[in-house]
Amino acid sequence: MGLLTEGQPLTWEETKQLADHVRQHGIDQFLNLYHQLLDRKGDVLKWGDEVEYIIVKFDHTNKIARVRLCAQDILGQLNEKEANDPHNVKSLWRPEYGAYMIEGTPGKPYGGLLAHFNIVEANMRYRREEAQQLLGPDEVLMTITNFPRLGCPEFTWPVDQPTPKIGASRSLFIPDSAIYKGHPRFSTLTRNIRQRRGERVAINIPIFKDENTQNPFEEDLISIGGDADSLNAALPDHVYMDAMAFGMGCCCLQMTFQVRNNMMTACCIKEARTLYDQLTPLCPILLALTAASPVFRGYLTDVDCRWDVISRSVDCRTRQERGLEPLTTDKFVIPKSRYDSTTLYLSSQGEKFNDVSLVYDKTIYNKLKSADIDHQMAQHVAHLFIRDTVSLFNEKVHQDDTVEMDHFENIQSTNWQTMRFKPPPPKSTIGWRVEFRPCEVQLTDFENAAIVCFVVLLTRVILSYQLNFIIPISKVDENMSKAQKRSAALTEKFWFRKNIAASTSKTANVDVNGSHDDASYTTMSINEIINGKMGEFPGLIPLIHSYLSSMEVDTDTHCTIQQYLKLISRRASGQIDTTASWIRRFIQEHPSYKRDSVVSNEINYDLLMTADGIQSGRISCPRLLGDCLLANSKTKETIPPAVQKVYSCTP
């Protein structure tokens, strides 16, 4: 979730008055740090994952699953180990937006040894077991991207009611008690984003039209306290949501890489910028491959991913900034939310592919340029800094810009993009890093470990073979829209570079107006991108196999990696389901589903009970996992006969 500053949060009016102060000092902090560390060398490859979890409480008597609002208590216990022995813990735990969410990472980053791929899954299992031990009866730690009935009546435990006229979010559907209260950042962000925008956030996701779905699909919002804003915001044939919790209350799987210098003469920042650019076109591909969220607010929707839901849930742009009114008091018309896809490549190789007109603060750009920051980095930072701070603490208003970075990170950490370029923290041994942010979290530790290892191996292949995946940034944006569609991994074609060994300087002709003449990229299916297309594209997995064949890999690690790559390959080919497709099929095949797009309490309960069985190993699911994982010896005696077919998870 980003920077967690301690202190007393300021009101939005106070924060707004200090927006220019934060921007000015944030830029000074960046300049000081950048020049101090520009030529930093000697960092080694390190990487790690972040897994977000939802705590679910099952009411077996009434067949209801709810989110359990106990994250603050659980984190207090989990963090005791770190407080007592910070250098020798196997896991680190942090709060997330929801009072029902926690985030876990490895206690220490992994390094350059291939053998480290063999401990990722074990560490994920350890984290799950460590937190699960602290939960009460009928409470389960789950890696689900979103809770399907988030925002439905009485979806929390303890049960609470929304307060649409008071509070931080003023939602028709989400009580403020669902927001994590252990740190003021989360409620402050919620309140300030709403106040800066001038109205509640508005999220509209197309409903999946089944045989008996209401046509047109419209809800009675007046009966639950809907006002003119909500009635105007809700679109027909869409599921309407009105709170930050619907987006930031989702879970994801993220990876961070500290880069190394390739040779003694190359500094780490150059490799970081290269990796940032090369991973950017892969973001929509991995989003489609990890799709895991087809249900929102108790309805089956026509999308498979969370990305646009989160983007709209934190969209603090005013009506002027959204282009709905003429600019009078605001500076810019801003095309994207502050949570959106990457808009700018950072390396010299990627510069000519920045074919989307960039909105950036020219005053800040000129200041950066005059301080010897190169054009692309100056544009990148000036683009981030078109945003206001939306959370400021009284104790952090005045800082020493030569040694602190909180003002820079205040804005940097609330630009939530598919990729994040991360400078080293002040006075730290941590180096230049990039963060890969698009992936949806999967049900099992096996799947999450497979995705992490796949992406990490790709980074090594990219840098070792000096591959080039860069395509026009406009095509990446187009791919992000495609990636979220229903069954995108099977049915959509994505722009991707086919001539990955070619130099962009020889093959590209792209300008900022969006015109291009480049035969090195084309549209491909996910299967073709991952597994290859005969005579046209080698495939990402074959490239990884080629890389591994040149390395010394012990037998155990080799077997582990092969199982992971098999899962990725089969999911890309459609031999097994994405998580979203599996969830969608489960709902549509459920005996109580009425083909009306409604995911009832009973369906939700059975879905999450099955998901828990799969993640714990009690239930085999070839549809989702192929033959990579089989259930353990425990039986399925708790499975109701009426849903045996659904629980069996067989094709």
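User: Why does Y547 count as buried?
Analyst: Buried means under 20% relative accessible area, exposed over 50% and partly exposed in between, with a 1.4 Å probe and protein chains only. Y547 has 6% relative accessibility, so Y547 counts as buried.

User: What should I know about the source of these values?
Analyst: This is a predicted model: local features need pLDDT of at least 70, side-chain atom pairs count only at pLDDT 80 or more, and totals for chains, interfaces and linings use all residues. Residues are numbered from 1 along each chain as its sequence is written, and side-chain values use heavy atoms, with hydrogens and water left out.

User: Why is Y465 called partly exposed?
Analyst: The relative accessible area of Y465 is 31%.

User: How do you know whether F173 and Y240 are buried or exposed?
Analyst: F173 is at 5% relative accessibility and counts as buried. Y240 is at 2% and also counts as buried.

User: What makes F173 and Y240 an edge-to-face pair?
Analyst: A pair of aromatic rings is described by the distance of the centres and the angle of the planes. Rings of Phe, Tyr and Trp (its six-membered ring) pair if their centres lie within 6.5 Å; planes under 30 degrees apart count as stacked, over 60 as edge-to-face and the rest as tilted. By this rule the chain has 24 aromatic pairs. For F173 and Y240 the centres are 6.2 Å apart and the planes at 70°, so the pair is edge-to-face.

User: Which parts of the chain does the F173 and Y240 pair tie together?
Analyst: F173 lies in the loop between β6 (156-157) and α5 (185-197). Y240 is in strand β8 (residues 238-241), so the pair ties together parts 67 residues apart in sequence. Helices (H or I, at least four residues) and strands (E, at least two) are DSSP runs, numbered from the N terminus.

User: What about Y465 and Y547?
Analyst: Their rings form an edge-to-face pair, 6.3 Å centre to centre with 75° between the planes. Y465 sits in helix α14 (residues 445-465) and Y547 in helix α19 (residues 540-549), 82 residues apart.

User: Which residues do ring pairs link into a cluster?
Analyst: The cluster holds F30, Y34, Y276, F385, F408, F421 and W432.

User: How many helices and strands does the chain have?
Analyst: The chain has 24 helices and 17 strands.
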